[in-house]
Amino acid sequence: MHPRNRYADAEPDFAALSQQYPSLQPYVAVHANGSGSIDFTDLQASRELTRVLLLHDFGIDWAIPPGQLIPPVTNRANYIHWLEDLLQLSSPAGQARVLGLDIGCGANLIYPLLGAAINGWCFVGVDVTDVAIDWAQRNVNANPHLARLIHIRKLPHTSGLNAGVLLPAVQEGETFAFCMCNPPFFESMEEAGQNPSTAFSGTADEMVCPGGELAFVSQMVHDSVQLGKRVHWYTSMVGKKATLKALRKLLHSCHVTALRTTEFFQGRTSRWALAWSFAVDPNLASKPLPRAQPKQQTQSESARRELSVPLGVLPKAVVPKLLPALEAVSERKQQRRGSAAGAVGYASAVYHPSQS
Ligand SMILES: C[S@@+](CC[C@H](N)C(=O)[O-])C[C@H]1O[C@@H](n2cnc3c(N)ncnc32)[C@H](O)[C@@H]1O
């Protein structure tokens, strides 16, 4: 787990959470020693846990319809923290705000929500299905304190990847600090069904693409050659180590200036991620990532500290109204303390699609 992941030192206290959030109670077994456990093969339990963690730990109000992919918060937060490391190593010059592109944001919109809540980053989230766009927008609307940072965009749903993956997503004149992607991993639902990681569910649209993840991310690589420096860091997650190997080979042949990989390990599941660039100074390419940073407070966390109560116990309607004011207080305090709000450029910003 990434050292800055808030669950790196201790997993969530399921028993305490179920006391605070009665909706979680049916899914938590409390043992004689007071500890609690959850059956992660139960989809309803997994969905409710994700909902509660996002609310309790990140101040995010979140929902998805049944059947849609349930994102494990720990794994998705690892990716965000790895992006922080990459941006600390090298960021696009002269940009006050960090703007990221999430390819396949899904109904769950997990990466833009976490990236905006943890770091104040701006995001464009794109997807091809109506259900993803509809629910992603609902998740934006449910979090007014983050809504100014996240813009959702529907792409045409073409059969196959010939029209490109990144090319349709990046609009004329737009530039991004990074793009990220959790691609459809599998070639068929049969293949998906053989994989134990599908305990987190998902529809065929979310899990499957012709040629699987290798075809999907290879298309991203080809598109990136055309887009060049318009995206500072191109990144994607992959589900198989063999895919990582094949993509490394492809990327070397594309003369990238930097190529990094990492492994996200959680529970029994390994995932890998790779990042490449045409903009990063090649002298930085083999420099170790600055990983040993102390844990950062999320904006919601620092806001919560000012208030000394968990956001989750406040009436739901109050939180969005309260957060901006609390964030402003904690930001001012942090500035007075002379500490940067985080390792990268975390200034709160507003994303307007007309700005590049
Ligand atoms: C594995 S899901 C990831 C959802 C979410 N980002 C997550 O990490 O849980 C893959 C998503 O990619 C979307 N997708 C598939 N093909 C796409 C394409 N060509 N462009 C953008 N999104 C696409 C799917 O609709 C789906 O929502």
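Is Cys254 buried or exposed? Cys254 counts as buried, because its relative accessibility is 17% and the cut-off for burial is under 20%. The structure discussed here is a predicted model.

## Overall architecture

The protein has 356 residues, of which 54% count as buried. Its secondary structure comprises twelve helices and nine strands. Where contacts link residues at least 6 apart in sequence, 73% of them join residues at least 24 apart.

The largest nonpolar core contains 100 residues, and Leu101, Phe178 and Trp276 have the most contacts inside it. Helix 3, formed by residues 73-89, gives the most to this core, with nine residues. When neighbours within four places in sequence are left aside, Phe178 is in contact with Leu83, Leu87, Val98, Leu99, Gly100, Leu101, Trp121, Phe123, Val231 and Trp233.

Ala177 is placed in strand 6, which covers residues 176-181. Ala177 counts as buried because its relative accessibility is 2%. With neighbours within four places again set aside, the contacts of Ala177 are Leu87, Pro92, Val98, Leu99, His232 and Trp233. Leu87 is 90 residues from Ala177 along the chain, yet the C-alpha atoms of the two are separated by 7.8 Å.

## Helix 4

Helix 4 is largely enclosed by the rest of the structure, because ten of its ten residues are buried. The buried residues are Ile110, Tyr111, Pro112, Leu113, Leu114, Gly115, Ala116, Ala117, Ile118 and Asn119. After helix 4 comes Gly120, which has a positive phi near 70°.

## Surroundings of the ligand

Around the ligand there are 17 residues, and those that come nearest are Arg76, Gly104, Asn108, Asp127 and Asn182. Helix 4 (110-119) and helix 8 (204-207) each supply at least two residues of the shell around the ligand.

An N or O atom in the side chain of Asn108 is 2.9 Å from an oxygen atom of the ligand. The ligand taken alone exposes 600 Å², of which the protein buries 93%.

## Cysteines

The structure holds zero disulfides. For Cys209, the closest cysteine sulfur is that of Cys181, and at 9.5 Å the separation is too far for a bond, since a disulfide requires sulfur atoms within 2.5 Å. Cys254 is likewise in no disulfide, the nearest cysteine sulfur being that of Cys179, 14 Å away.

Cys209 is buried, because its relative accessible area is 6% and thus falls under the 20% limit. Cys254, at 17% relative accessibility, also counts as buried.

## Thr261 in strand 8

Thr261 belongs to strand 8, which spans residues 258-266. What is the exposure of Thr261? Thr261 counts as partly exposed because its relative accessibility is 31%, a value between the limits of 20% and 50%.

Not counting residues up to four places away in sequence, Thr261 touches Trp82, Leu244, Arg248, Ala273 and Leu274. With one of these residues, Arg248, the side chain of Thr261 makes a polar contact of 3.4 Å. Asp9 stands 252 residues from Thr261 along the chain, and the C-alpha atoms of the two are separated by 23 Å.

## The segment before helix 1

His2 lies in the segment that precedes helix 1 (14-20). His2 counts as buried because its relative accessibility is 2%. A polar atom of the His2 side chain lies 2.9 Å from the backbone nitrogen of Arg4.

Conventions. Residues are numbered from 1 along each chain as its sequence is written. This is a predicted model: local features need pLDDT of at least 70, side-chain atom pairs count only at pLDDT 80 or more; totals for chains, interfaces and linings use all residues. Side-chain values use heavy atoms; hydrogens and water are left out. Helices (H or I, at least four residues) and strands (E, at least two) are DSSP runs, numbered from the N terminus. Buried means under 20% relative accessible area, exposed over 50%, partly exposed in between (1.4 Å probe, protein chains only). A polar contact is a pair of N or O atoms within 3.5 Å; within protein, one must be able to donate a hydrogen and the other to accept it, and residues adjacent in sequence count only if both atoms are side-chain atoms. Contact means heavy atoms within 4.5 Å. A nonpolar core is a set of buried Ala, Val, Leu, Ile, Met, Phe, Trp, Tyr and Cys residues joined through side-chain atoms within 4.5 Å. A residue is near a molecule or strand if one of its heavy atoms lies within 4 Å of it. Accessible areas come from the Shrake-Rupley method with a 1.4 Å probe; for residues, only the protein chains shown count as cover.
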